[in-house]
Amino acid sequence: MGVSSWNPLRSRDGRQSKLPLYENLNAPSKERDSNDSYDDSDDDEYSVTSSSPGTNNSRITSASLSTPIMPKRNFTVSGRARKPLFYRLPNKVIRYLCFGLTSFIILMILTLIRASHNENRAIAEGRIDRPASAPPAWEAYPFLTRYYGGIRNLVPFSKNVPEYPRLQGEPPVDKLSYVNNTSWKPEVVEERNLPASKEYIKYPQSVFQSAPEQFQECFLDKANKVRVPPIRYYDGRPNGFPEAILGSYELLGLPEDICFERYGRYGPYGFGYSVRSGGLGTGEHGEKEGFEATWEKVPQVDWKGINWADVQRRCYRSNAARYKEQPARHAAPHGFYINEGTAPLKVQTRETSSDESPKSPTKESSKDKTPAPASDGDSAAKKLPRTAVVIRCWDEYLWKEEDIMNIRSLISELVLASGGRYDVHLLVQVKNDAAHPIWADAATYQKRIEETIPEEFRGLVTFWTETQMLSLYQGIFDLFARGPDLPVHGVYRGLQMAMQHFAYLHPEYDYFWQWEMDIRYIGHYYDLFTKIENWAKEQPRKGLWERNGRFYLPSVHGTWEDFKQMARVQSEMGTTGADNIWDGLPGADKQAHASGRGDKPIWGPERPKDPKDWFEPDDDPVPETTYEKDKYVWGVGEEAEYITFNPMFDPEGTTWGLADDITGYNTSEGMPPRRAQIITASRMSRRLLMKMHRETAFLKHHAFPEMWPGTVALQHGYKAVFVPHPLYVDREWPPEIFARTLNNGRNGATGGSRTSVFGQREHNLIGLTWFYNSGFAPNLYRRWLGLKVNNDGGEEFEMTVDESKNGTSVNEMRGGEGRMCLPPVLLHPVKDVDLPVEANPEDTLDIPESDPGA
């Protein structure tokens, strides 16, 4: 009976049912444990089913079937190798290819590394041409034109409609209206009305009238006959003259309703008359109507043979009773000189009566101080401190006529006009002391002075060298912040060292103005210095450091009181800026200010974190009360130890390249507290300079010259004041944008953030009249002197009207308004001013008359 292999109820793939069944009677039966059967299939997928009820869905063997199924078919495999789809390379070739590919990759990596190294070095050395970057946004702002108006187009200050700044929403200005509103005929310059100039010492708001002092008049000669003519000014301003965008005249008490032209400013000092007459031989040509008024009361000075050192000594001696007693000058402890006691005895006996012993002045002074009556005590309390104005220079400096008249004005207006309250010194660096061994020979010292300094200023010179500073301040760890060519003792990074040592050598001064050869002031120096010092003296300490770190723009910030409160609120509450906009979000800096955006107010000394970096802290001033309880009282009436002309910003986090140029401190927990201000021109007290001197010498602390004085003042709690003097800008900046650009640091200050204007964004300050790389200041000054700049200005521009010009830009000004007239303003930098000068008659050669018969 046959067995069917087909099962209609089977749900699996019927592969087995498709195979035919054969009967093989001679085939031997297979054992249960045979491996050659379908019973080894996975999951019994090929098990044979039976139609009988007893054998359904059960395993069966060939022996149990009456009709055996066909055994597993054995498929034969061909013995010929299968041909590969692609040709297989020999192993040897494969090895060579892999080696070559690996070598190529390694060579490519090394080539890229080498190229990157070469490019980085080329960039560092400035040997690569970078693609031109997009111009700054301020270059799209138009130039202001009314700076270049003249004395023939003056209007009263109260009636002046300034070209800039304009309030938001105001219509644009018709610049031709500033010249068309005049009543004079433009074709003939001489027919225009020229107002009369006036002596500045009689100006009602000058320091000579508002706070006159009683002292003996100082003269240029020993006979007390030669006076310096007073400088002269004009009332009003050129029509449309812009207002100062930064700082305030009213705040400091400086005059803003007058202006100075070149003859009234420099005519008293040799400008405008010949060398034969004792002048500089420059300024004798061009538009000069009315210039003779400078000498209408005081004649021209013959400046030949002037010795400014002797002039200053005579002026001081005439008024010595006004000032504090000068300390004795002690000889350095370098052994003894056998006859050294004779000269001092003669000096003392000359100052005392003939019957007094040399020791009597000391005894007399001590007696006078103790039992003095009230009136004498009051007079003693009014004894004035004295100040040194130290002008930095170098021995290879090329002196020009313009430099000479500037230094003459500085000495005359500070020393003579103050009755000897100021002294002017020249602190001159000898660049090559190997070729000029000035420390080894006094004759060489004097010879170098005579070779490099004009004769009238030779007595003012104090030399210094970099090797001298290296010997004085040994042991300073040099960071080489600007490379090996600019060491810490050099003039670039160690300039303050020379000033510190100068103060150490001159205990007779309480204050030191550090000045520069490229600073100019259109105005009276004594009026400027006195009003700046008095204003700084009246500033309270509360919020002082916060105000010091901000520019003041009156057109945006309002009054000074409004500015003070704004600075306080911004510092205490904080502002949103690029440095903290992401604070509080996931992934933000964990070290962000957890206490909030506000800053802790500076109240008293700000010490470094490591107590080992504290230097003589017991001598530092401490607050009289807490910050909250103070009613803006502490500091009022206290002389400022440090006065600057630019904000004192926090360099932490800024892009300023010298922010980390501070050495000698423990920086494992962060940088010490510090402040910096651009341009080293400033006033420093002797106490501040002596602290800097001792800290550099004994604790080896030092920082970049623009950062070191402010840092010491901050860490020791000294009173430091930024003076918001008036500054002008050359372009029509929107005031709000300019304010945000300048005060774009942390919490509305100028520093403390990568968005600070100091660093990569300093290009925004180029258009100001006061910055280290200002382009506007030197151009404005040269135009004011009557010179051509970029083919604009000059004699023809001042005297001739060009009706074809439309007046919309600087080179489209019509001219013919006369000499430029500027209000009092500080300018920096002004370098290499070449004035046309007549030939010196002493240098001309006498050519003998030729003999016709020769």
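Predicted model: local features only at pLDDT ≥ 70, side-chain atom pairs only at ≥ 80, totals over all residues.
Biologist: What holds the strands of a sheet together in general?

Modeller: Strands of a sheet pair through backbone hydrogen bonds, and the pairing is either parallel or antiparallel. Here, seven strands form an open sheet with mixed pairing, in the order β8-β7-β6-β9-β13-β11-β15.

Biologist: Which strands stand at the edges of this sheet?

Modeller: The edge strands are β8 (461-464) and β15 (720-722). Each has a single partner strand, so one side of each is left without a neighbour in the sheet. On average, neighbouring strands of the sheet are turned by 20 degrees against each other, direction ignored.

Biologist: Which helices lie across strands of the sheet?

Modeller: Helix α14 (residues 525-537) lies across β6, β7, β9, β11, β13 and β15, and runs at about 130 degrees to β9. Helix α18 (residues 686-698) lies across β9, β11 and β13, and runs at about 80 degrees to β13.

Biologist: How are two packed helices described?

Modeller: Two packed helices are described by the angle between their axes and the distance between the axes. Helix α6 (residues 308-318) and helix α10 (residues 401-416) pack at an angle of about 10 degrees, with their axes 11 Å apart. Angles under 35 degrees count as roughly parallel, and α6 and α10 are therefore roughly parallel to each other.

Biologist: Which residues meet where α6 packs against α10?

Modeller: From α6 come W308, V311, Q312 and C315, which meet R408, I411, S412, V415 and L416 in α10. By class, this contact has six nonpolar, two polar and one charged residues.

Biologist: Why is helix α19 described as largely enclosed?

Modeller: Nine of the nine residues of α19 (residues 708-716) are buried, so the helix is largely enclosed by the rest of the structure. Among the buried residues are W708, V712, L714 and H716. After α19 comes G717, whose phi is positive, near 75 degrees.

Biologist: What is the mean pLDDT of the chain?

Modeller: The mean pLDDT is 84, and 80% of the residues reach 70 or more. Over residues 27-67 the pLDDT is below 50, and this stretch has 40 contacts in the model beyond near neighbours in sequence. Residues 182-191 also have pLDDT below 50, with eleven such contacts.

Methods:
Residues numbered from 1 in each chain as written. Heavy atoms only, no water. pLDDT = per-residue confidence, 0-100. Contact = heavy atoms within 4.5 Å. Buried < 20%, exposed > 50% of the residue type's maximum accessible area, 1.4 Å probe, protein only. Helix = DSSP H or I, 4+ residues; strand = E, 2+ residues; numbered from the N terminus. Pairing = 2+ DSSP bridges. Axes fitted to C-alpha atoms, helices over the stretch in contact; angles between N-to-C directions. Parallel < 35°, antiparallel > 145°, perpendicular 65-115°, else oblique. Nonpolar A, V, L, I, M, F, W, Y, C, P; charged D, E, K, R; others polar.
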